[in-house]
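Colleague: Before we discuss this fold, could you show me the model and then set each label against the rule behind it?

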Amino acid sequence: MSDRLDKSVRWWPQATFDWVPSDQVARALAARVHANDLALTEPSRLAEALGIRLRRQVLSGGFQALLIPGVNPRFEIVCDPRASDMRSASFRVAHEIAHTTFYRWDERIPVRTRSASRAEEMFCDSFAVALIDLKEPRTAAS
Ligand SMILES: [Zn+2]
């Protein structure tokens, strides 16, 4: 583990996954966030805790959100403010945060542990759904 990482975020997996884990792991990761600090189930707070900068910018190419690795900050998440259909901004931020688990954080610029895949997208969706469920528990009636 790199000394450059603030010890407060060492509970977050950094380059742990060079394969795509199951949905169960995605849910367990959301539960770990929840157990660490209830407030971090708010995706923007989780991003802040992990040192990820959030930015709003109109995106081309059909993207609603992008994860951009860099030197400082280590990651930036860019959300298109126009894309309010289907997925909430919170969901999209949580999804992008999940992608960081497929990067080696201890490189100068984080690098992917594997190439992007549909399975990874599904893992990130599962994490985002689980995190938002913990943030806003669905009532039995709904
Ligand atoms: Zn994605």
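Modeller: Let me start with the rule for angles: those under 35 degrees count as roughly parallel, those over 145 as roughly antiparallel, those from 65 to 115 as roughly perpendicular, and the rest as oblique. This is a predicted model, in which local features need pLDDT of at least 70 and side-chain atom pairs count only at pLDDT 80 or more, while totals for chains, interfaces and linings use all residues. Residues are numbered from 1 along each chain as its sequence is written.

Colleague: What makes helix 3 and helix 4 oblique to each other?

Modeller: Their axes come within 8 Å and cross at roughly 130 degrees, where axes are lines fitted to C-alpha atoms, for helices over the stretch in contact, and angles run from 0 to 180 degrees between N-to-C directions. Helix 3 and helix 4 are therefore oblique to each other. The contact involves Ser90, Phe91, Ala94, His95, Ala98 and His99 of helix 3 together with Phe123, Cys124, Asp125, Phe127, Ala128, Leu131 and Ile132 of helix 4, contact meaning that two C-beta atoms, placed from the backbone, lie within 7 Å.

Colleague: Why is helix 3 called largely enclosed by the rest of the structure?

Modeller: A residue is buried if 20 or more other C-beta atoms lie within 10 Å of its own, exposed if 12 or fewer, and partly exposed in between, with C-beta atoms placed from the backbone. Eight of the 11 residues of helix 3 are buried, so the helix is largely enclosed. Among those buried are Val93, Ala94 and Ile97, and their cover includes helix 2 (43–49), strand 1, strand 2, strand 3 and helix 4 (118–135). In the protein, buried residues make up 29% of the 142 residues.

Colleague: How do you know that strand 1 and strand 3 pair?

Modeller: Two strands pair if DSSP finds at least two bridges between them, and strand 1 and strand 3 (residues 75–79) have five bridges, in the parallel sense.

Colleague: What makes strand 1 and strand 2 the edge strands?

Modeller: The three strands form an open sheet of mixed pairing in the order 1-3-2, and strand 1 (52–56) and strand 2 (65–69) each pair on one side only. Helix 3 (residues 89–99) lies across strand 1, strand 2 and strand 3, running at about 150 degrees to strand 3.

Notes
Helix = DSSP H or I, 4+ residues; strand = E, 2+ residues; numbered from the N terminus.
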